[in-house]
Amino acid sequence: MSPAGSQHWLATGRASPRLVLVVVFVALLLDNILLTVVVPIVPTFLYTTEYEGANSSVSSALPEPTPAAPRAPPFSPVLSSFDNTTVELLNGTGSSTPGHPPSTPQTSPGGCLEGGEFLAQENTRVGLLFASKALVQLLVNPWVGLLTNRIGYHIPMFIGFTIMFLSTVMFAFSGTYTLLLIARALQGVGSSFSSVAGLGLLASVYPDDSERGSAMGIALGGLALGVLIGAPFGSIMYEFVGKASPFLVLAFLALLDGALQLCILQPSRISPESTKATPLSTLLRDPYILVAAGALCFSNMGVAMLEPTLPIWMLQTMCSPQWQLGMAFLPASISYLIGTNLFGILANRMGRWLCSMIGMAVVGISLLCVPLATNIYGLIGPNAGLGFAIGMVDSSMMPIMGYLVDLRHTSAYGTVYAIADVAFCMGFAIGPSTGGAIVRALGFPWLMVIIGVLNMAYAPLCCLLRSPPATEEKMAILSQECPMQPKSYTPKEALREFPLTEESDREAGNVE
């Protein structure tokens with residue numbers, strides 16, 4: 001292709017909403033692969049490294065250290081599973097010969113509960129590590145929303161790629177809990193830039209309601225695909241290649257994403273919003289935006305609580321090998337991918353409020369069924385229902401956020417999608433950080449009961465989103481900007497309430 005031809009292709013691509021959708025899809029995909037790839041890796045990695053020449057620090061963290069712990073033989077660098085020998089070595093009672101069980105197991109033939117004290121302690125630490133990403137993202141999101149209103153979406157998207165690449169490389173070479181915590185927090189900064197700018201960019205290039213809903217569904221499909229790939233990919237690569245391998249692969253893919261953004265988005269160009277954005281404080285006082293944000297928060301809090309606690313519960317009750325810890329999330333990821341793509345289209349037809357209400361009820365029921373599983377196959381049904389239901393909620397609430405600012409405020413989307421991402425992050429911040437503490441105090445089954453009932457109790461509030469009214473100020477603005485109305489977002493309900501047609505334009509001209 002000649003230079004002139006390639007420049008023409010790039011110029012055409014930059015004007016195409018579909019290529020913008022591809023860029024946002026890839027950014028969300030890589031971000032969420034990195035989000036979930038650590039889920040099966042971190043618990044086992046910490047378990048291994050903290051008993052490999054560091055028994056003194058682990059003993060001080062345990063409530064009742066055993067005198068025999070310092071004399072325990074060292075662990076091998078990579079554990080293929082938490083078998084009987086490994087757990088008994090934790091307590092200093094097992095044989096050092098691999099594959100030979102102790103003579104008197106205290107709990108079960110598999111000995112899964114012998115390391116219960118350490119695993120209970122690890123619940124909280126792993127939960128805090130997972131939650132650090134969301135906590136940082138929670139703090140950064142409002143500032144990113146304001147930044148996109150001033151300089152546009154392209155530069156923040158590229159900043160997000162750069163930070164995510166640095167975080168991925170840091171994950172690959174971190175060998176301590178502290179470094180992993182810093183890498184996870186750094187990922188939160190990058191995610192904030194990518195998510196807020198990406199969703200706001202999509203809302204701006206797809207002004208039509210139905211097209212916007214479909215585009216959001218496809219973009220959330222990238223999020224779902226990342227969640228789908230992350231945990232199984234991480235567990236298999238860690239088991240058979242090594243800890244650094246999945247992160248180095250992700251770093252290479254992130255470089256390709258950066259090249260794609262350079263070609264399509266031109267991140268050196270500053271393009272602020274054409275309309276003045278509604279202040280963040282005003283949006284936070286809108287009850288309809290708060291209801292939508294709450295639905296995003298509570299529905300995602302369920303899976304956020306599962307991420308740090310389910311693998312450890314499986315180790316304690318199912319004797320699960322390493323590779324199963326990531327595979328347990330596979331049904332949820334597949335069904336989430338199906339749910340977001342299916343209801344990105346269907347939700348607009350059946351009513352997004354109804355879709356989200358049903359989704360939250362199913363989330364609650366699925367969480368109540370998780371503790372009933374006795375093996376990994378028993379987790380398939382509850383996890384699949386959970387993922388499908390969260391897909392229903394996410395694919396309904398993300399377009400509703402854009403709908404509400406179009407209907408009730410000004411059509412500048414950076415701030416409202418910062419609120420949406422804050423709600424999402426609150427679920428992933430509160431979930432892991434409190435989930436581990438609740439498991440230690442009440443047990444894993446009660447954790448599932450609490451968050452499941454909370455989702456079912458919140459579901460009826462989605463009825464408020466059935467037909468949100470336009471504010472008087474917005475109606476006045478729309479009546480003054482009739483010639484621009486066909487190019488902006490116009491819901492069918494709003495057309496019936498205040499029709500803005502060519503005839504009304506002529507009548508307005510005659511009045512003047």
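Accessible areas were computed by the Shrake-Rupley method with a 1.4 Å probe, and for residues only the protein chains shown count as cover. On this basis the accessible surface of the protein comes to about 21,000 Å², of which 67% belongs to carbon and sulfur atoms. The structure is a predicted model, in which local features need pLDDT of at least 70 and side-chain atom pairs count only at pLDDT 80 or more, while totals for chains, interfaces and linings use all residues. Residues are numbered from 1 along each chain as its sequence is written, and side-chain values use heavy atoms, with hydrogens and water left out.

The secondary structure consists of 21 helices and zero strands, where helices (H or I, at least four residues) and strands (E, at least two) are DSSP runs numbered from the N terminus. Of the 512 residues in the protein, 55% are buried, a term that means under 20% relative accessible area, with exposed meaning over 50% and partly exposed lying in between (1.4 Å probe, protein chains only).

A nonpolar patch on the surface is formed by Ile-365, Leu-368, Leu-442, Trp-446, Val-449, Ile-450, Val-453 and Met-456, which together have about 680 Å² of accessible area. The elements that give two or more residues to this patch are α15 (352-369) and α18 (444-458), and α18 gives the most, with five residues. Met-456, which lies in helix α18, is partly exposed, with a relative accessible area of 31%.

Terms used. Patches are made of residues with over 30% relative accessible area and no salt bridge: like charges are joined within 9 Å, nonpolar side chains (Val, Leu, Ile, Met, Phe, Trp, Tyr) within 5 Å. A salt bridge is a side-chain nitrogen of Lys or Arg within 4 Å of a carboxyl oxygen of Asp or Glu.
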